[in-house]
Amino acid sequence: MMQAAPEAISGNWTTLEPLSPANRGEADRLGRIRERTPNLGGLAGQQDLSKRFGAPMLIRENRGGSAIGLVSNGEMIGYPGVAVILIYVDPEARPGIAMEAFAMYVDHVFRQGARLAHFEVLAFNTPVLRMLAKIGVREQARLRDQVYAGGRFWDVAVFAFSAGQYRGIRARYARILPGGERPPAALGGRPQPPPGKVT
Amino acid sequence: MAAAAAPGLPELDGSALQPLGPEHHPLMGRLNSATPEGIAELPAAAERYLEHLKDLRGRPWSLATVCKQDGKESGYCQLSVGQFKNLAAYVVGLFLDPGRAAPVLSLYIRQAFWSHPLHRLYTHVPITPDTTPYRRLYEQVGFISEGTLIGHALVGGEERDVAVLGLLREDFDAWCQVHDPRLAL
């Protein structure tokens, strides 16, 4: 049976586009930036990319139309139904905007049948760790010296939630999550400058 | 004066390590029967076992090994490396009696660190009443609890939490000083 081509998913600030020949050049450009960035956003070695819950996608900012990141997933080896989610966002992108793309992709992965969404954050990625703490996602494990990045070993913090837990998070933090009334920077990006200060 | 290199140690007291070979096929079925669901399952059919062996031999640092205690086959160990740059390996270990396997598992860990420039070993154990001896076994040989993955495993169709255990090379060095200096590297 032929499988329907995946569709784009649109949010307020970003759109997730399935990878295609039309955006291949942009995806390759992001891939090259990613190669120079120690924060890989996850551990490719623990997932089976032949089994996944939905296709990899490119993140496009609605304002201006730039391609700013990539999201993908693969089933965690040995754990049926557990989707390891990888997100990479260009560090030059507008602060906080990745959160919407991540939230939309997690929704998509659960709709595709994942039992749990699992993601891993390198210990130096303090903005993401702070954001997760802020929305009440608890660290489940701290893998000591699990990844070699940027010239040394780093711990990896592991997080996971079910679709039901995710709905609870969305309900509690709807005001600052995508579709809420706050701007993207409210989701953990750089602080806004004080009024009147030019930066 | 330079320190002397540690010698290889494929056997110590009543424990011994032997590279996995075609002749060890009968052990796989015995280990599967003795191992609680969720730990791991070895290929029991002869053809699948030989394919598994070939696959392991094609994988660097797999260190596929039969463990022996008092001259009898007692277990199976192998390593699985995701990305070599991380120098971290996942340990798969199955034993006929995990409650007695600490001496031979510590010998295997020593062999892993002695043979390869690994920085870290780690393993996962689903948390069920039947797997308690495995968690105790890894803790006995120096592994440290690094957390619990909630509901990740499916055992008998039910979601189960998974214990994550890790052992850095420096942890093992310290463990050897306390428990068995003969294993020190």
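1. A residue is counted as buried here if 20 or more other C-beta atoms lie within 10 Å of its own, as exposed if 12 or fewer do, and as partly exposed in between, with the C-beta atoms placed from the backbone. By that criterion, buried residues make up 39% of the 199 residues in chain A and 37% of the 185 residues in chain B.

2. This is a predicted model, in which local features need pLDDT of at least 70 and side-chain atom pairs count only at pLDDT 80 or more, while totals for chains, interfaces and linings use all residues. Residues are numbered from 1 along each chain as its sequence is written, and chains are lettered from A and ligands numbered from 1 in the order in which they are written.

3. On confidence, pLDDT being the predictor's confidence in each residue from 0 to 100, the mean for chain A is 81, and 77% of its residues reach 70 or more. Within chain A, β9(A) has the highest confidence, at 96, and β3(A) the lowest, at a mean of 62. Two stretches call for caution: pLDDT stays under 50 over residues 41–45 of chain A, for which the model has 15 contacts beyond four places in sequence, and also over residues 185–199 of chain A, with 21 such contacts. Where pLDDT is low, the predicted coordinates should not be read in detail.

4. Helices (H or I, at least four residues) and strands (E, at least two) are DSSP runs numbered from the N terminus. Chain A comes to four helices and nine strands, in the order β-β-α-β-β-β-β-α-β-α-β-β-α from the N terminus on. Chain B has five helices and eight strands, running β-β-α-α-β-β-β-α-β-α-β-β-α.

5. The radius of gyration of chain B, taken over C-alpha atoms, is 16 Å, close to the 16 Å of the globule rule for 185 residues, so chain B is as compact as a globular protein of that length; the rule is 2.2 Å times the number of residues to the power 0.38.

6. Contacts, meaning C-beta atoms placed from the backbone that lie within 7 Å, can also be sorted by separation in sequence. In chain A, 67% of the contacts between residues at least 6 apart join residues at least 24 apart.

7. Leaving aside neighbours within four places in sequence, Y105(A) is in contact with L16(A), M57(A), V71(A) and I85(A).

8. A55(A) lies in the loop between β3 (47–48) and β4 (57–61) of chain A, and is partly exposed because 17 other C-beta atoms lie within 10 Å. Not counting residues up to four places away in sequence, A55(A) touches P6(A), P18(A) and L19(A).

9. Strands β8 (residues 141–149) and β9 (residues 152–162) of chain A run antiparallel and are joined by six bridges, where pairing requires at least two DSSP bridges. A149(A) stands opposite R152(A) in β9(A), and in this hairpin, which has two residues between the strands, G150(A) takes a positive phi near 60°.

10. At the interface, 21 residues of chain B are in contact with 19 residues of chain A. The elements giving two or more residues to the chain B side are β6 (120–126), β7 (144–155) and β8 (158–168) of chain B, with β7(B) giving the most, nine residues.
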